[in-house]
Amino acid sequence: AWLLLRGMRTLYLRVRQSSASAQRIAEHFAQHPLVEAVLYPGLPGAHGHDISRRQMTGGFGGMMSIRAKGGEAAAIATAAHVELWKRATSLGGTESLIEHRASVEGAGTPAPADMVRLSVGIEDAGDLIADLEQALARAHA
């Protein structure tokens, strides 16, 4: 219980930071030449954006996905080449995480093969963007 109470004291700050960073990352990659699509409810063209805008006050959360141009190989390579993002399956931590969901779930998954899932933490958004930029570039080299 004391760990829960300790974490609750900074929850608002952590969620606010990860939401703001995720929004910035989504906007940066929305028209990126190496990205097929960005899946994030904070983008005006996103499926369900109008509902999200009404229901989600203070930001759209820290979870998002990008679909890499180049298919599954590019998505896997992007996840493999990040340096700041941690390769892990988890949600909502202070550190930013990346995973190739289709590899985690295996054959028959509904997750698109070209998609990497991102759980945005509290690191500087510019640093996270730069890391994804270099990873995408290396995946397409």
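Predicted model: local features only at pLDDT ≥ 70, side-chain atom pairs only at ≥ 80, totals over all residues.

A: Before we start, a residue is called buried if it has under 20% relative accessible area, exposed if over 50%, and partly exposed in between (1.4 Å probe, protein chains only). Residues are numbered from 1 along each chain as its sequence is written.

Q: OK, so which residues of H3 are buried?
A: They are Ala 74, Ala 75, Ala 77, Thr 78 and Ala 79; helices (H or I, at least four residues) and strands (E, at least two) are DSSP runs, numbered from the N terminus.

Q: And what do the buried residues of H3 pack against?
A: They pack against the strands S2, S3, S4 and S5 (115-119), and also against helix H5.

Q: At what angle do H3 and H5 pack?
A: Helix H3 (residues 71-81) and helix H5 (residues 125-139) pack at about 135 degrees, with their axes 8 Å apart, where axes are lines fitted to C-alpha atoms, for helices over the stretch in contact, and angles run from 0 to 180 degrees between N-to-C directions. The two helices are therefore oblique to each other, since angles under 35 degrees count as roughly parallel, over 145 as roughly antiparallel, 65 to 115 as roughly perpendicular and the rest as oblique.

Q: Which residues make the contact?
A: On the H3 side they are Ala 74, Ala 77, Thr 78 and His 81, and on the H5 side Asp 131, Gln 134, Ala 135, Leu 136, Arg 138 and Ala 139, with contact meaning heavy atoms within 4.5 Å.

Q: Switching to the sheet, what is the strand order?
A: The open sheet has five strands in the order S1-S2-S5-S4-S3, with mixed pairing; two strands pair if DSSP finds at least two bridges between them. S1 and strand S3 (86-87) stand at the edges with a single partner strand each, so one side of each is left without a neighbour in the sheet.

Q: In what sense do S3 and S4 pair?
A: S3 and strand S4 (residues 97-99) pair in the parallel sense, over two bridges, and the bridge partner of Lys 86 in S4 is Leu 97.

Q: Last one, is Ser 18 buried or exposed?
A: Ser 18, which is found in helix H1 (residues 2-29), is buried, with a relative accessible area of 9%.

Notes:
Heavy atoms only, no water.
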